[in-house]
Amino acid sequence: MQFGNLTLGTAAFGMPYGVANPPVPVSALEVDEILDMAWGAGVQCVDTAPAYGEAERRLGEWMQKRQRRLTVISKMPSLKLIGRAVDTEDITRFVDKSCKALGIDRVDGYLAHHAGDLQQPGVAQAMLSLQQSGRIGAFGASVYTVEEAEAALGIQGLRLLQVPINLIDHRFVDSGLLARCRDAGVIVFARSVFLQGAFFMNRANVPNALSSLSETLTAIGNLAKKSGCGIAALAFAFVRDTPGITSSVMGVYDVQQLRELLACRAASPLSAEIVAAIDALALTVPDAAIDPRNWSS
């Protein structure tokens, strides 16, 4: 299974998403323009989920109109919201529903949106059966913590992990988890590369929920200037060049943001001095501040 170093995140295609983005989804017209540009630039892998509102349907409509097949990674609904035990038939129905919305006969990657769901009785086995039958290309989990990732690596047949990693979140690097994934043949996607857009916020406009990151955001801006590139290129290059990362999942709100993101792919490797400064900065940030689940308004 082949993936480029950039995977287009589509949460904003179906709902408001990101701390620094407009409080509305991307328009249908803009979705088509974004996907057209991405395809033309060789970015053909997308990350989506039923939880992202209309995102799957909009991707399906674009594929049907353009007669093009994206590489699609989708996710299983939260089992907590279902409120009961599930079996293979349930999970097959989840996959079928996503495939119907997308207009395709199988998803290329299928993740547990909440890693703990893979630990529920029968869930991982159902995923493995769907993988073996070709109904899904590969299965895995989206994780928040190293502990969740460690538990997932013990699951037979697991081939995909999506982990948060960025300029100030180095937990999965420092723990050796990425190296263990590489040794196990598990493909790792990085998400939260821009910390849900927080890296682009002006210090003067940082909301109370992110006040603990105010000085950190200023430091990131200074590092970008020192490196001679923008914040986006700095963040992209750092994750892109981290050993063990196959692809970075990043969303955009318009074609201009995508154009800027595509330009970041060609950014030069960061100097050893800048990488050392990034590592030092990450050590000053408490774990609670880098997990959006801990942010409150």
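First, a word on the ground rules. This is a predicted model, so local features need pLDDT of at least 70 and side-chain atom pairs count only at pLDDT 80 or more, while totals for chains, interfaces and linings use all residues. Residues are numbered from 1 along each chain as its sequence is written, and side-chain values use heavy atoms, with hydrogens and water left out.

Two packed helices are described by the angle between their axes and the distance between the axes. Here, α2 (residues 28-40) packs against α3 at about 60 degrees, the axes lying 10 Å apart. That makes the two helices oblique to each other (under 35 degrees is roughly parallel, over 145 roughly antiparallel, 65 to 115 roughly perpendicular, and the rest oblique). The crossing of α2 and α3 is right-handed.

Who touches whom? On the α2 side there are Ala 28, Val 31, Asp 32, Leu 35, Asp 36 and Trp 39, and they meet Arg 58, Leu 59, Trp 62, Lys 65 and Arg 66 of α3 (contact means heavy atoms within 4.5 Å). Sorted by class, this contact has 6 nonpolar, no polar and 5 charged residues.

Now follow the chain into the loop between α3 (55-66) and β3 (71-76), where Gln 67 lies. Its phi is near 55 degrees, a positive value in a residue other than glycine. Gln 67 counts as exposed because its relative accessibility is 69% (exposed is over 50%, buried under 20%, partly exposed in between, with a 1.4 Å probe and protein chains only).

Gln 196 also has a positive phi of about 55 degrees without being a glycine. Gln 196 sits in the loop between β7 (187-191) and α10 (214-227), and at 27% relative accessibility it counts as partly exposed.

Definitions and conventions. Helices (H or I, at least four residues) and strands (E, at least two) are DSSP runs, numbered from the N terminus. Axes are lines fitted to C-alpha atoms, for helices over the stretch in contact, and angles run from 0 to 180 degrees between N-to-C directions. A crossing is left-handed if the near helix is turned anticlockwise from the far one by less than a right angle, and right-handed if clockwise. Ala, Val, Leu, Ile, Met, Phe, Trp, Tyr, Cys and Pro count as nonpolar, Asp, Glu, Lys and Arg as charged, and the others, Gly among them, as polar.
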